[in-house]
Amino acid sequence: MAMGRICLVVLLALALCLNVSLASKKMKVCDKGWECKGTYCCNQTISEIFTVDNFEELFSKRNTPVAHAVGFWDYYSFINAAAQFEGIGFGTTGGQVMQQKELAAFLGNVAAETSCGYNVATGGPTAWGLCYKEEMSPDQLYCDQNLLYPCAPGASYHGRGALPIYWNFNYGPIGEALKLDLLTSPDMVSNNATIGFLTAMWRWMNPIKPKQPSAHDVFVGNWKPTKNDTESYRLPGFGMVINVLNGGLECGKGDIDAMNNRISHYLYFLDLLGVGREQAGDNLDCGQQVPLNPVSTSTTSR
């Protein structure tokens, strides 16, 4: 009888331990105190690993009088925009090193696309990111005959934002996703720095076409190349990130300046963030990669 009671006690104890173990696996307790529901909510926030001083160092020449967007871009607009994407993994995937690497990759592309630096500029070409907020003196309206996203009368859909977006067929769906009427008011992207960062982050987190990877998924290792990708020399790495964002203009063309400019910014930002360029990974360029989205004769996908 005593033995039976002992066995019962042991079984109850085992059951209790099992329930606690299962509960701990189901419940991941987060105490970061920020508004988030999802897989990445227990990681550090971007503002915890990327400070205003980091931002100022990466974009040290953006408010120089000769820049074209003086006083526009700022750290807090970046953080406000990032808060809308942190919950789905932007800058919050992996440990701190991966988080910093993704920020260096994203902001390196931003700097490369908005720089007004050149080789003999003060501070060098990598110090002049966020010099622009929109394309200067566009030579067309970038209006495509599109029934789903028709152009608003008199609107110009030239490049705007931290990762510039072009064409009405891009302003329309990005605006819908962000709950902003960018089709009617595309100037919102160049009049509000938070929106200018939001559109860039949307581009980073979303593929251009269905069944293609996003730049984010490529960079953090969520994308696995198909046989066709491998045969097209499209392999995981920063080079494939370039291919996703602007491969039609910069990939499969050998050792060109535009591609190398992105790589230089990425490596420089890794150094400035204390990660070091030795952590950059393999396959940095896309010189031999077949473009994921070849450029049309009349329009680009950006």
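**Disulfides and a marked residue**

Tutor: Start with a link. The disulfide of C116 and C131 is right-handed, with 95° about the S-S bond. Keep in mind that this model is predicted.

Student: What makes C116 and C131 a disulfide?

Tutor: Their S to S distance is 2.0 Å. The cut-off is within 2.5 Å, so the pair C116 and C131 qualifies. Both cysteines sit in the loop between α5 (96–114) and α6 (168–178), 15 residues apart, and the pair links distant parts of the chain.

Student: Why is C116 called buried?

Tutor: C116 has a relative accessible area of 17%. Buried means under 20%, so C116 counts as buried. C131 has 0% relative accessibility, so C131 is buried by that rule too.

Student: How many disulfides does a search of the whole structure find?

Tutor: The search finds three. One of them joins C143 and C151.

Student: How do you know that C143 and C151 form a disulfide?

Tutor: Their sulfur atoms are 2.0 Å apart.

Student: What makes C251 and C286 a disulfide?

Tutor: The sulfur atoms of C251 and C286 are 2.2 Å apart. The limit is within 2.5 Å, so this pair passes. The link of C251 and C286 is left-handed, with -85° about the S-S bond.

Student: Which parts does the pair of C251 and C286 tie together?

Tutor: C251 lies in the loop between α11 (238–250) and α12 (257–272). C286 lies in the segment after α12. The pair therefore ties together parts that are 35 residues apart in sequence.

Student: Why are C251 and C286 called buried?

Tutor: C251 has a relative accessible area of 2%. C286 has 0%. Both values are under 20%, so both cysteines are buried.

Student: Which residue does the UniProt annotation "active site" cover?

Tutor: It covers E113, according to an unreviewed UniProt entry. E113 is found in helix α5.

Student: Why is E113 called buried?

Tutor: E113 has a relative accessible area of 16%. That is under 20%, so E113 is buried.

Notes: Residues are numbered from 1 along each chain as its sequence is written. This is a predicted model: local features need pLDDT of at least 70, side-chain atom pairs count only at pLDDT 80 or more; totals for chains, interfaces and linings use all residues. Side-chain values use heavy atoms; hydrogens and water are left out. Helices (H or I, at least four residues) and strands (E, at least two) are DSSP runs, numbered from the N terminus. Buried means under 20% relative accessible area, exposed over 50%, partly exposed in between (1.4 Å probe, protein chains only). UniProt positions are given in the numbering used here, feature names are shortened, and annotations may be inferred rather than shown by experiment.
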